[in-house]
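Subject: Structure for you to look over

Dear colleague,

Please read them with the coordinates open beside you.

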Amino acid sequence: MWRSGWRVGDALLGLSGRGASLGAWRCGSTTACERALRYRVGEKIHSFTVSQVTSVPELSLTAVKLNHDGTGAQHLHLAREDRNNLFSVQFRTTPRDSSGTPHILEHTVLCGSRRYPCRDPFFKMLNRSLSTFMNAFTASDYTLYPFSTQNPKDFQNLLSVYLDAAFFPCLRELDFWQEGWRLEHEDPNDPQTPLVFKGVVFNEMKGAFADNERIFSQHVQNHLLPDHTYSVVSGGDPLSIPDLTWEQLRQFHATYYHPSNARFFTYGSFPLEQHLKQIHEEALSKFQRVEPHTAVPAQKPWAEPREFQIACAPDPLAQGSSGQTTVSVSFLLPDITDTFEAFTLNLLSSLLISGPNSPFYKALIESGLGTDFSPDIGYNGCTREAYFSVGLQGIAEKDVQTVRDIVDRTLDDVIENGFEDDRIEALLHKIEIQMKHQSVSFGLALTSYVASCWNHDGDPVELLQLGSQVARFRTCLEENPKFLQEKVKQYFKNNQHKLTLSMKPDDMYSEKQMQLEAEKLKQKVNSLSLEDKQQIYKKGLELQAQQSQPQDASCLPALKVSDIEPRIPFTEVEVALAAGDTPIQYCAQPTNGVVYFRAFSSLNTLPEELRPYVPLFCNVLTKLGCGGLDYRELAQQVELKTGGLAAAPHVLPDDAHLDTYEQGVLFSSFCLDRNLPDMMRLWSDIFNDPCLEEEGHFRVLVKMAAQELSNGVPDAGHLYAAIRAGRTLAPAGDLQETFGGMDQVALMKRVAEETEAGPALRKLQRIQAHVLSCDSLRCSVNATPQQMSRAQDAVESFLQSLSRSKKERKPACPHVVEKSAPEASGGRSGVTRRLVTDPTFRPCQMKTHFLLPFPVNYVAECVRTAPYAAPDHASLKILARLMTAKFLHAEIREKGGAYGGGARLSYGGIFTLYSYRDPRSTETLQSFLRAVDWARSGWFTQQDIDEAKLSVFSAVDAPVAPSDKGLDRFLYGLSDEVKQAHREQLFAVRHEDLVDVSNRYLGAGRSTHGVALLGPDNASIARDPSWIIR
Ligand SMILES: [Zn+2]
């Protein structure tokens, strides 16, 4: 995987905690935090020396810094009462060309190592472990290998595999060809077919650069920091990747993947000693200290601003090509290792650009010149020197200069007038609530938060001390009211290191890219001797043979099915009726002083023709103003009092019947305990008096939403293909396409281009009457036990404020079935869900090709099978995992060269086979067929089945945050008893069950299939009348 850079700003503002379990853990044993506080500076632990021990109470953790005596490797341990322990190792990798060396190396080290020489141990471990996360990332200047797990034995196993992969990889030539790039005959068996470029990273990057936003952000970084490593593409430019040799790759590994250039990170409740011992014994003890010489030099500041223009492909979903230009202005900021300056500039950047009250939103977004901000705006701290960008996309070419003028004027205006105190308070409140809100992947959030700064020898512990940063920030503001204005003057107004980048569509862009690739290929092929060509043919066959060989993974460590917890812990909830008959589910949890409120409102009475507008309704509902508040005042109140208010459409399939589902809108929100009455008052105003008349701001929101949707298609192509392929298989499928498929993208683009906002707004006003009442509402609250009675009062008064329809509305669909939710504690249920069903529904086959000018394809095939509560569901779920790991991965990724592919089963019983960033199209459909034949043949072992079970359970048992406990019961009416029964079915799945379900559901002609493809022109599909082309 490759990321052009992690946004430190996002990580900070997404920062969340899990300190809540402290209470439960403290009694009896000593906590990990307290144990860690006992280390002394200078103390030696397994060849490491402790250099610093710091308590960070705001994140409920203790930080311990150490150095490895022999190699100088750095280690940071964050001890915290969190069972979801994380390890990562990070290397500073600073390439000087765009051949993608660090990225291809990141892939190749995971292909086998000295102790674990089997092919692809990384992917194999996914099936031999209960990991909660395993991945690898290539950033602009470092490569990071993280994993997390809740099981101590698993932690040791994974650590062993990760250490061996990073420090002692095989880096075989065949691995380089498979993962990097190679020349190979189109059909490797037939030397008459033309030679083409193949390789996983080669295709991954072709796919990545199908995304215009990605192209733009990449160029901003390359042009703004032109002196060293930031001027190249660390992930690899598809046209430069074929310049890389195997020898260069091995050299890069020897230079950069050395302990003296490594930073180790451990997080969680497991003891540090064991980690250090293992890291020393299995890796570091085998190395001598070296001087890595990998530091990135400071960028030389410019004497005057610069500007560049680039081209991109036109937006395939837009009506015309006018208004598709992007422009941004970027400023180079100081070194990110100055943590307080970085913190200040990060906050300053939020004040400048976030929300409708920020100066750049008012000046740029509301100018109506464009559709949305330019990509990657705001503070970017993933390079040694940070930078700030701001601009617009979707503008007319002639407006480039206007946008630049607006940027300058806005900065002048801020220097003159500063920010309102309330906005600064709202931002500090946001930091407070996000430190308390607990996510389940806190370790991962922390490692990515400190990675960039630490990579340049900044102090990661200083970065974590957010409490003291906030205090220092407040002092600066008190001492100097113009503190922020002066920063704007210094870093923006008076900064000559300023880049203006514009990008406009070129109708020939894709053709030109293809032509450049063809030229590169020709140049490579022309330089081949006859002997080279014979070699290529031979090696192609060799690779194919290796990929097809049965694989022995017995050298790898593994957990056993018996290591899986046989029972799930039950979650206590209580249900009470409020304001007459509205059920509220209460779930007491250690939420760390935060209250989570949700409400679900049915859409059963909504007329059919309004359904497509529900996502738009949800998108704008909490952003247009309500009660006496206009949209700016509402945004201010939301930021000041809550962690956010959101609404989203949901299609909830039934657990027992394929043709039955519930439809509705889920409202969700959270706030600090003290702000609950304020938050509920905001909901009350939104429900009773939403402002759905405000045309001006509505148009701004629609344009932004449409732009965001269409920009997201290349990244989520496999999901769009899957939604489409499932559309005609069950009644819920059609609604899923309406709410979240390509139909929705097209509709939003249309609405955004309409000149009149009135007609769309009137539709939303009609939806309001069906959704915003308590006629068919249920609510849930997750909070600490101490807060429950206050929460009850606040929710009760919210419900009492809601209107009730005078006469009962008729459901728009005639077939409604009522279903009582399982009993909660105290023997009361009280929740009745009204599901719709369609007894006349007949599934039908459909094949759709969405013609999109991408350089790669996204393929999906869906099959109608069995829903959650059906006995076959468990077998199909294990089967999906088995087919992914033991067949599709090799077929679609290794042989086919796609970035990814696999099978999965949805809760509602739709079985999906898919590929992602795939150079092939209809051939992949053939692979799906072969996968089914393979499954039916029963050509897999008990070991394979056990591995699939481990992999399924690592998803089933993924940690759940206190905010989300009880959510399955609330939404789906799913009780812990039913989940436990399903768990037992999963354990019980046998070889013959898997063959049986393959035969009964997946074989040709057995169940109804649907197929969809997103991708470029395709001659064989165009000839085939069974396809619908859109
Ligand atoms: Zn990758």
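Arg904 has Thr912 as its bridge partner in strand S29, where helices (H or I, at least four residues) and strands (E, at least two) are DSSP runs, numbered from the N terminus. The charged end of Arg904 also sits over the ring of Tyr914, 4.9 Å from its centre; a charge counts as sitting over a ring if NZ of Lys or CZ of Arg is within 6 Å of the ring centre and within 35 degrees of the ring normal. Tyr914 itself stands opposite Gly902. This is a predicted model, in which local features need pLDDT of at least 70 and side-chain atom pairs count only at pLDDT 80 or more, while totals for chains, interfaces and linings use all residues. Residues are numbered from 1 along each chain as its sequence is written, and side-chain values use heavy atoms, with hydrogens and water left out.

Strands S28 and S29 run antiparallel and are joined by six bridges, two strands being taken as paired if DSSP finds at least two bridges between them. Four residues lie between the strands of this hairpin, in which Gly909 takes a positive phi near 100°. Strand S28 (residues 900–905) is mostly covered, with five of its six residues buried, meaning under 20% relative accessible area, as against exposed at over 50% and partly exposed in between (1.4 Å probe, protein chains only). Both strands belong to an open sheet of six strands with mixed pairing, in the order S28-S29-S27-S30-S26-S31. Its edge strands are S28 and S31 (1028–1029), each of which pairs on one side only.

The buried residues of H32 are Thr924, Leu925, Ser927, Phe928, Ala931, Val932, Trp934 and Ala935, and what covers them includes strands S27 (857–864), S29 (910–918) and S30 (1009–1015) together with helices H31 (871–895) and H36 (991–1002). H32 (residues 922–937) has 16 residues and reaches 23 Å from its first C-alpha to its last, close to the 22 Å expected at 1.5 Å a residue, the expected span being 1.5 Å times one less than the number of residues. Just after H32, Gly938 takes a positive phi of about 70°.

Among the buried residues of H25 are His697, Lys703, Gln707 and Asn711.

The structure holds 39 aromatic pairs, counted where rings of Phe, Tyr and Trp (its six-membered ring) have centres within 6.5 Å, with planes under 30 degrees apart called stacked, over 60 edge-to-face and the rest tilted. One of them joins Phe87 and Phe264, whose ring centres are 6.3 Å apart and whose planes lie at 45°, so the pair is tilted. Phe87 lies in strand S5 (residues 85–92) and Phe264 in strand S11 (residues 262–268), so this pair ties together parts that are 177 residues apart in sequence. Phe87 and Phe264 are both buried. Phe343 and Phe473 form an edge-to-face pair, at 6.3 Å centre to centre and 80° between the planes; Phe343 belongs to helix H12 (residues 339–353) and Phe473 to helix H18 (residues 466–479), so parts 130 residues apart in sequence are tied together. Phe343 counts as buried at 4% relative accessibility, and Phe473 does so at 1%.

Leu351 also lies in helix H12 and counts as buried, at 1% relative accessibility. Beyond residues up to four places away in sequence, Leu351 touches Ser358, Pro359, Phe419, Arg423, Ile424, Leu427 and Leu484, a contact being heavy atoms within 4.5 Å. In helix H19 (residues 483–493) lies Lys487, which is buried with a relative accessible area of 12%.

On confidence, the protein averages a pLDDT (the predictor's confidence in each residue, from 0 to 100) of 92, and 96% of the residues score at least 70. Over residues 3–29, however, pLDDT stays under 50, although the model has 76 contacts beyond four places in sequence for them. Where pLDDT is low, the predicted coordinates should not be read in detail.

With best regards
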